[in-house]
Amino acid sequence: MNYLLFPGRHVVNTHFQAEYLRRLLAAPPAELAELLHGSVRLDASPTEIIFAITSANQENSRFNPVPFHVRAMGVDRFARELRQQIPFRFRVIGIPHYGHTQNFAAFTIKEIANQTEQTVNLRPDNCLVLCSTPEVIQLYRELGFTIAPAEQAEPDPKPATPIALVREMGVRGQHWRAGPLVRTQLAPSHLSLFEDFPEVPQRLARLYQDPLTNQDGSLTETRNYSTYARGLNGIIRLKYLDIRSGIRPGRIVDEGCADGALLAEISRDFPDSDLFGIDLSAEFAGRFHERQRAGEFGGAYVHFFHRNLLDRIFEPASIDTTICNSTLHELWSYGEGEKSVRGYLAEKFRQLRAGGRLLIRDVVGPDDADREVLLWCSDSDGEKLAPTDASLPDRSDSERLRQLSTRSRLALFAADFLDGRRPFPLTATRHEGRPVFKLSLRQAAEFLSKKDYCDNWKSEMHEEFCFWHFAQWKAVLEETGFRIHENPNHPEDGSRVYTNPWMVQHRYEGHVTLHAPSGEPLPWPPTNMVLFADKPLST
């Protein structure tokens, strides 16, 4: 048996691919060598195609926008159409996502062998590889395989690649059928596939027109999601206790749900409610579904939406509780600031039932944020950053960052905060014989809130925490139509602002101090807020 391995994401198949496969399958060995511009180790033309659908466990990103089951159905239709013209066997095999690894080709070969109970063992003497991606071609060549380079070897103008068709569909949206590449180069199998699954072109349009989503279906390329998730989940119980008394049963949405850790907590106390999670990150999508597979949501109904928080997902007046846990500062930072947050709050007001509740737990800025303060930072709690190291080019070196003194981290923070787009001047002076820095209370609070995020320094530097103080948040919510729920007798059961005592004890004391210009000590700025915002029963 001679095989033709056709690895790829197989989001779409094209007319060119069908014609190219016909040529490969019909050519005798001599003509096959001529077609491939070199010698071929096969003693006969391939008789079985192995369609290896890569990144089978990823979806909903521009890199990989279509779920595996739809891609597999498309390949099956494509192969059956082609088989009406020339006989061959075929198999469709899903290959998991391996990330960026030089072992990608070798892993694919091993995965095919294992998924076929070792009945298909691909070797250079029994398999030809169809691939047009130069980096992947090199990996298979290093293993000794002969390559059928498809589009790459064609004369100019070269045939459109599948991803070019996908981009066109994404840009054209509901008018995808009229695109010149779709009209002339999309295989009939996939034209009928997208007619049967009209949500797929809609998804392509959403992903390619989403201003926040990057190529991999996430918010930022610089975040280490493993360490980020560990940090979130380590205190998720405390975050849940902050808002638990405000949750109203029924249909509960966690917007910016990450890997679903908060919903797992909620499911224990609200097993009869319908739970919905929304997150933009493709990495968190996979982690969320693993929680669901492992039964961590108990008997509650749970559904995950891999979407932008600015998307309109729910019908008006259909949700009882909307939870925003550490998400609005990201919306501000990665979106259009105040415009994005105000628009988002208006949408949450629309989706809540009368009497429904919006629960916000997030970071917050200090009152009187523009006042000048004096900030002392220890230079003996870590290594000093030498003047020649001021640029410290590799901010991803978390161990190196952790070794630096607080004062050295302040120097880096001043250069890196908001990617250097906003001035962060540091004026050195002295207070009680110690060197201090003059800056605004808002700037000091931004540094205090982020100085210990060494594992995700790059992504945290892009985010702004202190844009509004607590009274401003309440005012914006009231302008949107909400009523703020406060409980003076039991503050923990209502809206409140506080300074996290753990932060003070473990990250502030002994490392930093705050003083007024006149010298008197200042209280620590608030770190967190909890807002219970209700939609009135009548508006």
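Good morning. I begin with Leu238, which counts as exposed because its relative accessibility is 56%, above the 50% cut-off for that class. Leu238 belongs to helix H11, residues 236-243. Together with Ile235 and Leu241, Leu238 makes a nonpolar surface patch of about 270 Å².

Before I go further, please note that this is a predicted model. Its mean pLDDT is 89 for the chain, with 94% of the residues at 70 or more. Where is confidence lowest, and where is it highest? The lowest value belongs to helix H10, residues 225-234, with a mean of 46; the highest belongs to helix H20, residues 470-480, at 98. Two stretches stay under 50 in pLDDT. One is residues 214-220, for which the model has 31 contacts beyond four places in sequence. The other is residues 222-232, with 30 such contacts. Where pLDDT is low, the predicted coordinates should not be read in detail.

Next, Asp254, in strand E6, residues 251-255. Asp254 is buried, yet it has no salt bridge. Which side chain of opposite charge is nearest to Asp254? That is Arg291, 9.6 Å away, whereas a salt bridge requires a side-chain nitrogen within 4 Å of a carboxyl oxygen. Setting aside residues up to four places away in sequence, Asp254 touches Leu262, Leu263, Phe276, Gly277, Ile278 and Ile323.

I turn now to backbone geometry. Ala258 sits in the loop between E6 and helix H12, residues 261-269. Although Ala258 is not a glycine, its phi is positive, at about 55°. Is Ala258 buried or exposed? Its relative accessibility is 10%, so Ala258 counts as buried.

Glu432 also has a positive phi, about 50°, without being a glycine. Glu432 is placed in the loop between strand E12, residues 427-431, and strand E13, residues 434-440. With a relative accessibility of 66%, Glu432 counts as exposed.

There is also a cis peptide bond to report, from Asp156 to Pro157, with omega near -5°. Pro157 is found in the loop between strand E5, residues 146-148, and helix H6, residues 162-172.

Finally, Ser326. This residue is in the loop that runs between strand E9, residues 319-325, and helix H14, residues 328-334. Ser326 counts as buried because its relative accessibility is 16%, and the cut-off for burial is under 20%. Apart from neighbours within four places in sequence, Ser326 is in contact with Lys239, Arg361 and Asp362.

Thank you for your attention.

Conventions:
Residues numbered from 1 in each chain as written. Predicted model: local features only at pLDDT ≥ 70, side-chain atom pairs only at ≥ 80, totals over all residues. Heavy atoms only, no water. Patch = residues over 30% accessible without salt bridge, like charges linked within 9 Å, V, L, I, M, F, W, Y side chains within 5 Å. Areas by Shrake-Rupley, 256 points an atom, 1.4 Å probe, with all protein chains shown as cover. Helix = DSSP H or I, 4+ residues; strand = E, 2+ residues; numbered from the N terminus. Buried < 20%, exposed > 50% of the residue type's maximum accessible area, 1.4 Å probe, protein only. Lys, Arg positive; Asp, Glu negative; His and termini not counted. Contact = heavy atoms within 4.5 Å. pLDDT = per-residue confidence, 0-100.
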